[in-house]
Amino acid sequence: HCFLPFFYTYSDLCYFIFSSVSIPYLVMEERNRRMWTQYALLLLAGCFVSQLCASSDVKFYESFDETFDGRWIVSEKEEFNGVWKHAKSEGHDDHGLLVSEKAKKYAIVKELDNVVSLNDGTMVLQYEVRLQGGLECGGAYLKYLRPQEAGWIPKEFSNESPYTIMFGPDRCGATDKIHFILKHKNPKSGEYIEHHLKFPPSVPSDKLTHVYTAVLKPNNELLILVDGEQKKKADLLSDYDIEPPLIPAETIPDPDDKKPEDWDEREKIPDPDAKKPDDWDEDAPMEIEDEDAEKPEGWLDDEPEEIDDPEATKPEDWVDDEDGEWEAPKIDNPKCEVVPGCGEWTRPMKRNPAYNGKWHAPLIENPNYKGVWKPRDIPNPNYFKFDRPNFEPIAAIGIEIWTMQDGILFDNIMIASDEKVAESYRMTAWKPKFDIEKEKQKAEEAASIGGLKGFQKMVLDLLYKVADIPFLGEHKSKVLDLLEKAEKQPNLTVGAVISIIIIIFTVFLKLIFGGTQQQPAKATGKAKKSDGAEASSSNKEGATEKKEDQNEDAAAPRRRTRREN
């Protein structure tokens, strides 16, 4: 164990020892070979003992190098109809247990040859999982099951089967965490309660192979590692880390206690002596007409805001029996564009100074206020205290999940009593695969970025050509500014393109519709009342552009337009 951190496995350590003693043996003198041979045998014997110790540290190991048929038991429950497969990890010769179908429930279990106790010193739970198709909604966790005497059988393994620990990734909607759930028996009540790790780490978002490790230590410390890196450290007896806490509260609210009928929880009450003032008018409106307002000079009462388009003609293919009576589309009344307004003038509204609204008595301190009632505390009959949790033994490992994605690959499931042994398996079984996948991912990202740069250049070149189109007019400078920013800051390309498209689309609409909003040809409506605001010069320009457009195609039925205020 002293030398193991420098080597991946005990086999590597033994090979090093063999090399160290064999090479000097070939060159030394005959008289020293006997002593050197004894030394070598002693070292190899120590290595052999270390191998045995390492084997005893591994309580369970599943590499899935061989098919799982006959060793793992697939649940026969009807709802768990997902198909498990023995398949290679993408890009590797290494096999694993594969979730092969989308939107299915899966359940499979492996009985351990020997029941594992979690109460004997340090215990390490470790396994690999690769989300080859990503994970949008589903689980990829393991359940460490209690002995079958707890009331379950392998062929009926399901979400109801009693477990001791549930550990691993889970993601769906707002949920994105690496579960650690401990089911612990209350020695007073006999009830098994789920205790969840608070603030668990999130699930890696890529499609690489990751190794998840949970370390349970005798001092009640829990470590959660991802790829050998510590992501969470917790105290199993801490209220801050575990919810609900393993040690229950000493007192609980009395379930039989009831609030007295005369208990007053109102901190403030309406003043019973207050009276509504005599001049308080609850019926007064919030707004009234402004009596001081005067009709603007030049207002044309007899002129409508809109008139029939004198240049519009009835289409030749218009059939009254099928299309209804044809009506000329409406246009803004040109007489109204040079005056404050047209149509019936009405006074604008203003806030009513006499408005008070519904009267309510002011609030005062409640002389009978007793505070918010809560039941009295009584001793908790299920209270207990301990220095260390009493973990239920592990007799099987199960995978029971419901996932919307396929391609989830489980591999190298281990239970060990030594962190160094678990680390050595990570370095030999997981690390080489991860390094290959990481390099491949970097190459793909580099190729993707290169392709994106080429696409950005193509888009920008096209937009520079668009910027030379004469109809952009005064907007050309804005377009060029946006293009220059996109060139200097590639991350702004998408926003710049969207802005340029909006500018071009706006100018295009102005050219076609002259800045006015059109309505269906058959629509009718009353003149809109004006608030007396003067027509702006931009409205005049819009009307001129609209008139030019109408001259080009006077015969087409036009949508009715409404004047913009």
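When I say that two strands pair, I mean that DSSP finds at least two bridges between them. Please also keep in mind throughout that what you see is a predicted model.

The mean pLDDT of the protein chain is 83, and 78% of its residues reach 70 or more.

Now to strand 25, which covers residues 408-416. Is this strand mostly covered or mostly open? It is mostly covered, since nine of its nine residues are buried, and by buried I mean under 20% relative accessible area. Several strands pair with strand 25, and I will take three of them in turn. Strand 1, residues 58-62, runs antiparallel to strand 25 and is joined to it by four bridges, with E62 standing opposite I413. Strand 4, residues 95-99, also pairs with strand 25 in the antiparallel sense, over three bridges, and there L97 is found opposite F410. Strand 6 pairs with strand 25 over seven bridges, again antiparallel, and in this case R130 stands opposite L409.

R130 deserves a moment of its own. It lies in strand 6, residues 123-131, and R130 is buried, with a relative accessible area of 9%. Which residue's side chain does R130 meet in a polar contact of 3.4 Å? The partner is E437. Leaving out residues up to four places away in sequence, R130 touches a number of others, including S89, H92, K207, T209 and G407.

From there I turn to the nonpolar interior. In soluble globular proteins, nonpolar side chains tend to be buried together. Here the largest nonpolar core has 60 residues, and those that touch the most other members are Y127, Y144, F167, F180, F410 and I415. Strand 5, residues 104-116, supplies the largest share of this core, namely six residues. Apart from it lies another core, of 13 residues, with L463, A467, V479 and A486 among them.

Finally, the disulfides, of which the structure holds two. One is formed by C137 and C172, whose sulfur atoms are 1.8 Å apart, and with -70° about the S-S bond this link is left-handed. Because C137 lies in strand 7 and C172 in strand 9, the pair ties together parts that are 35 residues apart in sequence. Both cysteines are partly exposed: C137 has a relative accessible area of 25%, and C172 has one of 33%.

The other link is between C336 and C342, with sulfur atoms 1.9 Å apart, and it is left-handed as well, with -120° about the S-S bond. Are these two cysteines buried or exposed? C336 is buried, at a relative accessible area of 1%, and C342, at 1% relative accessibility, counts as buried too.

Technical notes: Residues are numbered from 1 along each chain as its sequence is written. This is a predicted model: local features need pLDDT of at least 70, side-chain atom pairs count only at pLDDT 80 or more; totals for chains, interfaces and linings use all residues. Side-chain values use heavy atoms; hydrogens and water are left out. A nonpolar core is a set of buried Ala, Val, Leu, Ile, Met, Phe, Trp, Tyr and Cys residues joined through side-chain atoms within 4.5 Å. Buried means under 20% relative accessible area, exposed over 50%, partly exposed in between (1.4 Å probe, protein chains only). Helices (H or I, at least four residues) and strands (E, at least two) are DSSP runs, numbered from the N terminus. A disulfide is a pair of cysteine sulfur atoms within 2.5 Å. pLDDT is the predictor's confidence in each residue, from 0 to 100. A polar contact is a pair of N or O atoms within 3.5 Å; within protein, one must be able to donate a hydrogen and the other to accept it, and residues adjacent in sequence count only if both atoms are side-chain atoms. Contact means heavy atoms within 4.5 Å.
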